[in-house]
Amino acid sequence: MPTHRYIFAAFALATAVACTNTDNINQPTAASSAETSGADTSDADAALSRTTNGALAAEVRTLAAGRGITPLKSPPPVRATLVRLGRALAFDKILSGNRDISCMTCHLASLGTGDARSLSIGQGGTGLGLNRVHPDGIFIPRNAPPAFNLHAMKTLFWDGRVNRDDAGLVHTPIGDKVTPKMTAVFEFGALSALPLFPVLNRAEMRAATGNELAAFRDDQETETWAALMKRLGAIRQYRVLFEAAYPGQRFDNMTFAHASNAIAAFLINKMAFNRSPWDRFLAGDDRALTDLQLAGAKGFMSARCSICHNGAAFTDNLFHNVAVAQLGPGEGDGADGHDDFGRMRVTGNAAEQYAFRTTPLRNVELTGPWGHAGQFTSLRAFVDHYSESDTKLRNFDVMQLEALLRGTVQPTTEAILATRDPLLAGMVFPATAGDAVTAFLTALTDPRAREIRGITPRSVPSGLPVDGAEFAAGPTSEDF
C-alpha cells in the first residue's frame, strides 16, 4: 500500500475517534518496510515510509518513557544447586496431599505456563490441560496465573494476598505464622513466599481426605509444612539436594520456607524473558515492530491502557475492577457463596469489591484464557471488552466458556458495575483500534517463551509420574 494511503487511513480513523470523544488509538501511519508490510512500494514511497515511521517510533518511545514503560531487567543470577532443587519440587507430586498433582500441573511448560483452561482443575483430577477432568466436576475458583517474569512483580495471586511493600517487607495472609526465621530464608522477596500457599489449599493440592496432610485443620499451616518436610526428608535424594542448595545447613534444621524459596529460584531462573520485539524496539530498532504493532503501541501508550499497564512488566501492581463477569465456584462470597469479591477479601474495603491485580502483559498472547476467571478465550475479545465495558458485561457471551462453566455465571452485573474503575467510563474505540492494540500485545512475546518444554524434568526424586514429561526435551531436561 502506498504511504499516502496509510496516512489517509490514519487520518480517517483519528477523526472518527475524535468525534466520539474517546481515546486516541490509531491505525498505521506508514509502512515500516516493504518486507514487513508485504506491499509493493515505490522508492519514493519507501523513503517517505522510513521517515514517517521513524517519527512515529520516536513518538512511541517518548510516550513509553512517560508511562515508565522501560526495558525489563534480567534477574540476578541464581545458584544452580538451588534452581535444581526448585525444579524437582515444582514438578514433584510429593507436595500434594494424595500425591496426585504438582505445582506445575496447572502451569504447563507446553501451554505458556498455564493450562489453557478458564478455571483449573486441582487435586483429584486426571489428564492435563483441556483434557483434564474431575470426577465431581470441581474447579479452582480462579484462573491459573502465568509464571513469566515473576521477578518483576510486587503483588502475587489475583488478589495480591502475598506482596512486597515499598520497604521490601513481605506480607502474607497468615501474618506472623510466616516467622522471621522463615523470611530470613527468602532470597526473592514475595515470590519466595508464594509456594507456601498452594500446598495448603485443599482444592488445589492438599485434598480434603485420604492423607496425613488433610487431617490438619485449615489453621494448622505450620504443622502442614512440617509434615511436608517429613515426606521430603524420607527421600535421601531430597536431603542431598537441599543441603547442596543451602551449603553449611543440615536438612533437619530446615523448614518448608527452604522449599518455597527454591521453587521461587527455579521460576526466576527459567521463566524470565526480556528479548521480545518490543525490547528490540526500545533498544533502538525501528523495524522491530510491524506497522500495525507500532500503531497499536502508540494507541496503547496514548490511551488509558497504559495508566494501569505500565512499568517494565506492563502492570502497576495495583487492583482494578474492569467489569468482567464472575463465574465458577467462587471464593465463598455473596449470598450463595459462589461469588468472588477479589481484593476486598484481603483489605475488607468495599470500594475494592471485584478488583483484581492488573495483568502483566509480557508474553500475554501465550497465557489465555484471560481474566481472573478466564472469562475470555480470545485475546482480541479481551481487548475489545475495554470498549464500552458496561455493555460488554451485560451481554457477556457464555458460549465461549466450556460447557460445565456456562451455567455458573453469577447474576451480579449491576453490583460489579457499581465499583467499576472510573477509568473505564466512556472508554470507546473502533474495532480497527482493537486490532492494532492486539497486534502490539503480540510484540511483547519473547520467542524463547514459546518453547520452554525443556524445563520439564523426565523424573523427580519421589519417583512419582511427572506431568508433561512426555514433552520434556532438550539439554535442560534431566533425570533426578
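**Cavity, cores and pockets**

Biologist: What makes up the lining of the largest cavity, by class?

Modeller: In this predicted model, that lining has 20 nonpolar, six polar and two charged residues. H309, V322, T358, F382 and Y386 lie nearest the centre of the cavity, among the 28 residues that line it. Two or more lining residues come from each of α13 (305-308), β5 (356-357), α15 (379-385) and α19 (431-442), and α15 provides the largest share, which is three residues.

Biologist: Which space is the largest pocket, then, and what lines it?

Modeller: The largest pocket holds about 1200 Å³ of space and is lined by 47 residues, with F157, R161, P198, N201 and E204 lying nearest its centre. Its lining takes two or more residues from each of α7 (202-206), α10 and α14 (344-347), with α7 giving the most, five residues. By class, this lining divides into 29 nonpolar, seven polar and 11 charged residues.

Biologist: What makes α10 a mostly covered helix?

Modeller: Buried means under 20% relative accessible area, and 13 of the 15 residues of α10 are buried, so the helix is described as mostly covered. From its first C-alpha to its last, α10 reaches 21 Å, close to the 21 Å expected at 1.5 Å a residue.

Biologist: Which residues touch the most other members of the largest nonpolar core?

Modeller: Those are L89, L95, Y238 and F242, in a core of 73 residues. The elements that give it two or more residues are α4 (80-91), α6 (190-193), α8 (221-233), α9 (236-245) and α10 (256-270), and α10 gives the most, with 10 residues.

Biologist: How do you know that L89 is in contact with residues beyond its neighbours within four places in sequence?

Modeller: Contact means heavy atoms within 4.5 Å, and with those neighbours left aside L89 is in contact with L95, L232, Y238, F242, A259, A262 and I263, so the term applies to each of these pairs. A second, separate core has 50 residues, including L289, L361, F382 and A433.

Key. Residues numbered from 1 in each chain as written. Predicted model: local features only at pLDDT ≥ 70, side-chain atom pairs only at ≥ 80, totals over all residues. Heavy atoms only, no water. Core = buried A, V, L, I, M, F, W, Y, C linked by side-chain atoms within 4.5 Å. Buried < 20%, exposed > 50% of the residue type's maximum accessible area, 1.4 Å probe, protein only. Helix = DSSP H or I, 4+ residues; strand = E, 2+ residues; numbered from the N terminus. 1 Å grid on protein atoms, 1.4 Å probe; cavity = no way out; pocket = protein on both sides within 12 Å on 5 of 7 lines; lining within 4 Å. Nonpolar A, V, L, I, M, F, W, Y, C, P; charged D, E, K, R; others polar. Expected span 1.5 Å × (residues − 1). Points joined across faces, edges and corners; volume = space filled by probe spheres on them.
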